[in-house]
Amino acid sequence: MPSLFRLFAALPLWLLHMLGAAMGWLILLLSPTYRRRFSANAAQAGYRFGQVRAAVGHAGRMVFEMPRIWLGKELPPCNIVNGECVEKAYAQGKGLVFLTPHLGCFEMSVQAAAQRWSAEHGNITVLYRPARQSWLAEILETARNRPGVQAVPTTLSGVRQMIKALRKGEAVGLLPDQVPPDGQGTWAPFFGRDAYTMTLAARLVLQTGAAVVLARCERLSWGRGYTLYFEEWPMTDATTLEACVLQINLAMEKTIRQCPEQYLWGYGRYKQPRVERSEAAVVVKPGENA
């Protein structure tokens, strides 16, 4: 399997996207459960299947492009739009929290941002869940720690490293629309339906006063690369954890609606959280020292 990953990393992006699109449709056709969840999640957001059918192929593209993003000798071309708001956020000196939903190539978001700003402003720290398979864990340990990116595990020490990075004026990146383990989130509306939502992003912002920037990385057609969009997001009225979590969900909804055809509608956003013993759940209460 590691050899297959390295083979895919060497393939041109257009071929990976073509293979991925085919795989995305094959999975939809073969899995009634996935098909129902895809349609139900899209309908919850107000979309008919025909309006977001392109997202089927993009889900497959996401899988096939990962070896290229993780292990490729160089990153695919990526045009950055509104990078000025990132510069402005760094200039505040309180750290920067990048938030992006499961839309487009979110793996490329952090890599491109690190390539642009890490030399001047330090690493971008992201969380990752260690893989159970030894071969995949070995690949991820090196693949996600690309130049300018520091990947830390979803443990107490990992979250503490994120807090330290923010206090140094550096950046962290999170996917706040993923379902956290039980005890690490709260129920909050997402497209009009309660979803178990992580509190980590909100706690980091409330505790450190970090600036928030929304990011979305859209794929271009025919493997031509990506466009990475940034948007400043002032949280002027978010003074409590619950208000901050709700505002983050609203911000994710807004970001997704800007490119719904590349969102991961098949993700189990409304599932029950898994029960898991985790130190990270009690790490970042506002006012608490890390």
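Reader: How many aromatic pairs does a search of the whole structure find?

Author: In this predicted model, the search finds 12 aromatic pairs.

Reader: Why is the pair of Phe 190 and Phe 191 called edge-to-face?

Author: The ring centres of Phe 190 and Phe 191 are 4.9 Å apart and their planes make an angle of 70 degrees. Rings count as a pair if their centres lie within 6.5 Å, and planes over 60 degrees apart count as edge-to-face. The pair of Phe 190 and Phe 191 is therefore edge-to-face. Ring pairs also link these two residues with Tyr 47, Tyr 263, Trp 265 and Tyr 270 into a cluster.

Reader: What makes Phe 191 a buried residue?

Author: Its relative accessible area is 6%, and buried means under 20%. Phe 191 is therefore buried, and Phe 190 is buried as well. Phe 191 is found in the loop between strand E6 (185-190) and strand E7 (193-198). Its phi is near 55 degrees, a positive value in a residue other than glycine.

Reader: How do you know that Arg 269 lies over the face of Phe 190?

Author: Arg 269 is at 4.9 Å from the ring centre of Phe 190. The distance limit is 6 Å, and the charge must also be within 35 degrees of the ring normal. Arg 269 is listed as lying over the face of Phe 190, as Arg 216 is for Tyr 229, at 4.1 Å from the ring centre.

Reader: Which residues touch the most other members of the largest nonpolar core?

Author: They are Phe 38, Leu 99, Phe 190, Leu 204, Ile 248 and Trp 265, in a core of 57 residues. Helix H11 (residues 241-257) gives the largest share of this core, 7 residues. Another core, of 29 residues, lies apart from it and includes Phe 98, Cys 105, Ala 114 and Val 149.

Reader: How do you know that the length of helix H5 agrees with its number of residues?

Author: Helix H5 (residues 54-71) has 18 residues and, at 1.5 Å a residue, should span 26 Å. The expected span is 1.5 Å times one less than the number of residues. The end C-alpha atoms of H5 are 27 Å apart, so the two values agree.

Reader: What makes H5 a mostly covered helix?

Author: Of its 18 residues, 14 are buried. Glu 65 is found in this helix. With a relative accessible area of 1%, against a limit of 20%, Glu 65 is therefore buried.

Reader: Which side chains make polar contacts with the side chain of Glu 65, and why do these count?

Author: A contact of 2.9 Å joins the side chains of Glu 65 and Arg 219, and one of 2.8 Å joins those of Glu 65 and Tyr 226. The distance limit is 3.5 Å, and one atom must be able to donate a hydrogen that the other can accept. Both are listed as polar contacts.

Reader: Why is Arg 219 called buried?

Author: Arg 219 has 6% relative accessibility. Since buried means under 20%, Arg 219 counts as buried. Arg 219 is found in strand E8, and its side chain also makes a polar contact of 3.1 Å with that of His 58.

Reader: Where is Arg 224, and what does its side chain contact?

Author: Arg 224 is in the loop between strand E8 (211-219) and strand E9 (226-232). A polar contact of 3.0 Å joins its side chain to that of Ser 221. The C-alpha atoms of Arg 224 and Pro 12 are 9.9 Å apart, although 212 residues separate them along the chain.

Reader: Why is Asn 82 called partly exposed?

Author: Its relative accessible area is 34%. Asn 82 is found in the loop between strand E1 (78-81) and helix H6 (84-91). Its phi is positive, about 65 degrees, although Asn 82 is not a glycine.

Reader: What makes helix H10 mostly covered?

Author: In H10 (residues 200-208), 8 of the 9 residues are buried, among them Leu 200, Arg 203, Leu 204 and Gln 207. Gly 209 follows H10, with a positive phi near 75 degrees.

Key: Residues numbered from 1 in each chain as written. Predicted model: local features only at pLDDT ≥ 70, side-chain atom pairs only at ≥ 80, totals over all residues. Heavy atoms only, no water. Phe/Tyr/Trp six-rings, centres within 6.5 Å; stacked < 30°, edge-to-face > 60°. Buried < 20%, exposed > 50% of the residue type's maximum accessible area, 1.4 Å probe, protein only. Helix = DSSP H or I, 4+ residues; strand = E, 2+ residues; numbered from the N terminus. Core = buried A, V, L, I, M, F, W, Y, C linked by side-chain atoms within 4.5 Å.
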